Amino acid sequence: MRRTTEERIAQTETGLAETTLGMQEVPKSRQTGKMFTNKVILITGASSGIGADTAEEFSKLGANIIITGRNKDNLDKVATKCEEASPNKLKPLLIIADMNNENDVENIIKTSVNHFNKLDVLVNNAGVLESGSIETTSLEQYDRVMGTNVRSPYHLTMLATPHLVKSKGNIVNVSSVTGMRSFPNVLAYCMSKAALDQFTRCVALELAPKGVRVNAVNPGVIVTGLHKKDGSMNDEQYEAFLKKCADTHALGRPGETKEVSAVIVFLAGEGASNITGATIPVDGGRHAMCPR
Ligand SMILES: NC(=O)c1ccc[n+]([C@@H]2O[C@H](COP(=O)([O-])OP(=O)(O)OC[C@H]3O[C@@H](n4cnc5c(N)ncnc54)[C@H](OP(=O)(O)O)[C@@H]3O)[C@@H](O)[C@H]2O)c1
């Protein structure tokens, strides 16, 4: 249900923040000056890793957040942490959704907008990695990776765009250094992230005249469960992979989720008001390296 302008003004005058119905409204007297107070932020793949950490960071800064994923237990745990971190103890809206199911993706936007009546920031973070080369990657693997990492953010962004145009909001895509540089044996994943980078730049140009910014972060190796999920590494191999980051990343180590979420939050905020179409490496300098 929408309020008239008069109702909004009346509510503001009674001391409540200018906001929309459905949000857990924060009275002016309890606003902490946090930069995302009364903003509505949707984060996909928030049930673990970078997305979970990003949800917590936005919560600390006063945002109303929507978190999505398939794993309800994990989402419940993330929601509890977000509520604890939120200055006004705002509860996140949880939406269980498989990004490869078109009805689920439609439901994310429908449920979010019904609940909050607006959307300010979309973080397209959900993604999968499957290892394999041109000799070993099946079409099923290719479809899974491109479906999750390219088609589903395309679909969600399409549906979110009218709401972001209305709020003059912005989008942050979670890409990878593999979109910028070429690596053997992660073919479909590299292709998917290169597509996401080009998506970022093209949509940035399309929506700039409407006041919507679109950017991406491009992490190097970040310590999450991602690399083990396709079964291509056991614990020992994963440890060796992380050790090798001393050579493969200029700063000599893998990154942490909070080093990525900090940049996502920056790109989504006022401090980045003149940045659009950017793909920002958060990779300890890996994108700048050449073997020698
Ligand atoms: N970790 C790295 O080294 C690294 C480096 C560069 C880029 N990235 C990118 O960072 C993003 C987050 O990855 P992460 O490292 O944080 O890994 P992660 O912990 O495995 O997180 C992946 C997230 O995506 C969700 N997801 C995957 N497939 C989904 C599907 N079909 N439907 C709905 N949700 C789905 C997962 O949720 P459910 O399991 O609940 O479905 C999970 O919340 C990805 O886009 C990844 O490509 C990671």
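First, a word on what we are looking at. This is a predicted model, in which local features need pLDDT of at least 70 and side-chain atom pairs count only at pLDDT 80 or more, while totals for chains, interfaces and linings use all residues. Residues are numbered from 1 along each chain as its sequence is written.

The chain has 10 helices and 7 strands, where helices (H or I, at least four residues) and strands (E, at least two) are DSSP runs numbered from the N terminus. Of its 292 residues, 43% count as buried; a residue is called buried if 20 or more other C-beta atoms lie within 10 Å of its own, exposed if 12 or fewer, and partly exposed in between, with C-beta atoms placed from the backbone. Among contacts between residues at least 6 apart in sequence, 71% join residues at least 24 apart, and here two residues are in contact if their C-beta atoms, placed from the backbone, lie within 7 Å.

Let me turn to the ligand. It is surrounded by 29 residues, of which the closest are Gly-45, Gly-49, Gly-69, Arg-70 and Gly-127; a residue is near a molecule if its C-beta atom, placed from the backbone, lies within 6 Å of it. By class, this shell has 11 nonpolar, 15 polar and 3 charged residues, with Ala, Val, Leu, Ile, Met, Phe, Trp, Tyr, Cys and Pro counted as nonpolar, Asp, Glu, Lys and Arg as charged, and the others, Gly among them, as polar. Helix α2 (residues 49-60) gives the largest share of the shell, 3 residues.

So what does α2 look like in itself? It has 12 residues and reaches 17 Å from its first C-alpha to its last, close to the 16 Å expected at 1.5 Å a residue, the expected span being 1.5 Å times one less than the number of residues. Since 11 of the 12 residues of α2 are buried, this helix is largely enclosed by the rest of the structure. Among the elements that cover those buried residues are β1, β2, α3 (72-85), β4 (121-124), β5 (170-174) and α10 (257-268). Just after α2, Gly-62 takes a positive phi of about 90°.

Next come the strands. Strand β2 has 6 of its 6 residues buried, so β2 too is largely enclosed by the rest of the structure. Both of its faces are covered, with Asn-64, Ile-66 and Thr-68 buried on one side and Ile-65, Ile-67 and Gly-69 buried on the other. Strands β1 and β2 run parallel and are joined by 4 bridges, and two strands are said to pair if DSSP finds at least two bridges between them. In that pairing, Ile-66 of β2 is the bridge partner of Leu-42. Strand β2 also pairs with β3 in the parallel sense, over 4 bridges, and there Ile-95 of β3 is the bridge partner of Thr-68. Strand β3 has a covered face, made of Leu-93 and Ile-95, and an uncovered one, made of Leu-94 and Ile-96.

Finally we reach α4 (residues 102-116), with 15 residues and 22 Å from its first C-alpha to its last, close to the 21 Å expected. In α4, Val-105, Ile-108, Ile-109, Ser-112, Val-113 and Phe-116 are buried. They, too, cover an arc of only 105° around the axis, which puts them on the same side of α4. The face turned away from that buried side carries the exposed residues Asn-103 and Asn-114, and what covers the buried residues includes β1 (40-43), β2 (64-69), β3 (93-96) and α5 (139-167).

That brings me back to my opening question: α4 is followed by Asn-117, whose phi is positive, near 65°.

Definitions and conventions: Arc of directions from axis to C-beta.
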